[in-house]
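I'd like to walk you through a structure, so please have a look at it while I talk.

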Amino acid sequence: MRISIAMAAYNGGRYLREQLDSLAAQEHLPCELVVCDDGSTDNTLEIIACFAETSPFPVRVYRNEKNLGFAENFLKAARLCKSDWISFCDQDDVWLPNKLDDVRAAIELDSRPVMILQNAYLCEADLSHRKRLFPNRLRVGYHPPKSQFGFWVWLGFLQTFHSSLLNFRNNSRLPRNYFPGHDTMSHDKWTCMVANATGGVCVLGGPAALYRRHEKALTGSYVDQTMRERIDKALPVGGDHYRFLSEVAVEIADYLQAMADCAPSETSEDFVDAARDFRRIARVQAARSQLYETSNLSDKVAEFTKVLTQGGYIGPPMISLGWKSLLKDACRVLGVIGTARRKTT
Amino acid sequence: MTDTTRPLVTFALFAYNQEKYIREAVEGAFSQTYEPLEIILSDDCSSDRTFEIMQEMAAAYDGPHEVRVRQNHTNFGLIGHVNALLEIVSGDTIVLAAGDDISEAARVAKIAAVFDENPSAMLVHSMVQTLDASGKKMGLKAPPNLDAHIMDIATSASIYIGATGAIKRDLYRIYGPISEARTYEDLIFGFRAALMGGIFYLENPLVQYRSDIGLASQFRRTNGSRKERRIASICHRLATLRQRRVDLNSQRHLNYQKISKAIKNEEKKAVARFQFYVEPLAFLRGTLSTSAYAYLKALSSETKYALHLIG
């Protein structure tokens, strides 16, 4: 079993050496490391060149003529890989020696998944950690195609995917990101989207890497949240955000439709199905945004029913939001939650 | 000059924490009569003075060979070290040497002659003159099973004496770097060469070989508790078989089906042995599965081993 590593480098000199050394210490060595540099201005390239001099596997470095941004840069590096399986690699983590060996074992055991997902210990800048696994959100084992919610993602460096996924990448622009604040979809969201549409994923238990969260304190989804905090965070989210999600879902559906036109017939159907599911997500999210923007009770009930009948709360895993959203929207219908723009402080 | 018609050969010396023996090993490399010769003295990030000694000796060297000294930035272990070196060698023939063995002055010349006469040769190995730890000459030693069939080599735990090997770079180019870090390079290159029908043997002791210490000593196989050693040895076996299976799959071979089956059967046994020590529940489940035979074999050999411990 041969595994390539795809790395997108950009001004990551600070922790890069440690990352590269951890690749060299793998029990199952990768068959190559492909680095695409996006115009670094620090010592990144020197560190890679220095590592390549004595590396226990071939290292190929490419320099982009113009800045691609990290998402396109990662996908470019992955496309330049030669082997069947590809791992993304960031520039500031430390891989534990068992990472690729675990992947190899999983691939040999089960031929169904097109993507293997692992977990990492969440660490401070100095790599100290409290043994908390991250993302740790999926049951260990095999998950069939279309078993994840449409907007799902797993950290890029904890994915190892089959190179056939990249055959579906066409030249059209990546769709918009469903997290506001970034403009295009990131590389790991793209692979997750395609893997979810076309093949199953396999999740492995146990730690495979040390995930460094430097500079920023452990914030957002990285800290254990109490139910109270989660509710506080979810309440102010209203119509604007749902409308945004609906627009993004339409964009992704168009993108998947375009992929279906290029893909061979057997996978083409998968993409058509996925595009249809994303249009349903768009309708669900549009109805939700209406629900939060109207104050008329009968309108609210009508929108709520629309979401319900589309399978927005209970339905196919790719579309359904789950009982917590159902609860929140029910409160909204009953008028417990006020207009979306009211701040709950 | 006849030198220009002869191909460049690389003499690769692998060293790790061998400050006591490295001088003699480097002198053996410098004394080679073959030209043109590139000598690479490579250190796997030793914690002792091995690298400094090699640097000093290379700086003081004044002879016909081209000498390079290099060091890995971190400790890669044997396989990583071999991969790293094979990435950068200039010769198409590579003579491998360990940092604690002494090569006879004619070693490269004799090996190069075999490669020259036999274009199909991929790997040339030889006898050794064994030394004890103090450097006293002991008897000659020849590798076991010289005329082994590819079916035996596929599952063999020793193909030739690793310290005497010389390979064509094609064994690396065609099959790619070795990815299993817990195996030994001779077990892999020997198998690859056997697949291509290119193993050749020289009946001369070309290497003075310290039999009680070796590169292998850096692995856990030789220290730790008995159980740990046994597990490390099984992991090593598994890694070797996996690497051979990958190599076999990358190039079609006439006996592909048979070899593949033999390797897989051995792998099943090794997995069963591993589970015997590490995952007893999985072992029990295995004895009830379709590969029960492999589990029974593992059980019998491991209980024999356990009895041996008591007795």
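Predicted model: local features only at pLDDT ≥ 70, side-chain atom pairs only at ≥ 80, totals over all residues.

Let's begin with chain A. It has 10 helices and 10 strands. Its C-alpha trace spans about 70 × 50 × 40 Å along the principal axes. As for burial, 44% of the 345 residues of chain A count as buried. And if you take the contacts in chain A between residues at least 6 apart in sequence, 82% of them join residues at least 24 apart.

Now chain B. Here we have 11 helices and 9 strands. The C-alpha trace of chain B spans about 70 × 45 × 40 Å along its principal axes. For contacts in chain B between residues at least 6 apart in sequence, the share joining residues at least 24 apart is 77%.

So where do the chains meet? Chain A puts 15 residues into the contact, and chain B puts in 16 residues. On the side of chain A that touches chain B, the residues divide into 8 nonpolar, 4 polar and 3 charged.

Next, helix packing, with one pair from each chain. In chain A, please find helix 1, residues 13–24, and helix 2, residues 44–53. Their axes are 9 Å apart and the helices pack at an angle of about 15°. Angles under 35 degrees count as roughly parallel, and therefore helix 1 of chain A and helix 2 of chain A are roughly parallel to each other. Their crossing is right-handed. Which residues of the two helices make the contact? From helix 1 of chain A, they are Gly13(A), Leu16(A), Arg17(A) and Leu20(A), and from helix 2 of chain A, Thr44(A), Ile47(A) and Phe51(A). By class, that contact divides into 4 nonpolar, 2 polar and 1 charged.

The pair in chain B is helix 8, residues 226–250, with helix 9, residues 256–278. The axes come within 9 Å and cross at roughly 155°. Anything over 145 counts as roughly antiparallel, and therefore that is how helix 8 of chain B and helix 9 of chain B run relative to each other. The crossing of this pair is left-handed. Among the residues that meet here are Ile231(B), Ile234(B), Leu238(B) and Leu241(B) in helix 8 of chain B, and Ile259(B), Ile263(B), Val271(B) and Phe274(B) in helix 9 of chain B.

While we're in chain B, take a look at helix 7, residues 185–195. How many of its 11 residues are buried? The count is 11 of 11, and the buried residues include Glu185(B), Asp186(B) and Arg192(B) along with Phe189(B) and Phe191(B). Just after helix 7 of chain B comes Gly197(B), with a positive phi of about 65°.

Finally, some backbone details. The peptide bond from Phe134(A) to Pro135(A) is cis, with omega near -5°, and Pro135(A) sits in the loop between strand 7 and strand 8 of chain A. In chain B, the bond from Glu35(B) to Pro36(B) is cis, also with omega near -5°. You'll find Pro36(B) in the loop between helix 1 and strand 2 of chain B.

Leu127(A), in the loop between strand 6 and strand 7 of chain A, has a phi of about 70°. Asn17(B), in the loop between strand 1 and helix 1 of chain B, has a phi of about 50°. Buried or partly exposed, which is Leu127(A)? With 15 C-beta neighbours inside 10 Å, Leu127(A) counts as partly exposed. Asn17(B) has 20 such neighbours, so Asn17(B) counts as buried.

That's my tour, and I'm happy to go back to any part of it.

How values were computed:
Residues numbered from 1 in each chain as written. Chains lettered and ligands numbered in written order. Helix = DSSP H or I, 4+ residues; strand = E, 2+ residues; numbered from the N terminus. Buried ≥ 20, exposed ≤ 12 C-beta atoms within 10 Å, placed from the backbone. Contact = placed C-beta atoms within 7 Å. Nonpolar A, V, L, I, M, F, W, Y, C, P; charged D, E, K, R; others polar. Axes fitted to C-alpha atoms, helices over the stretch in contact; angles between N-to-C directions. Parallel < 35°, antiparallel > 145°, perpendicular 65-115°, else oblique. Left-handed = near helix turned anticlockwise from the far one by under 90°.
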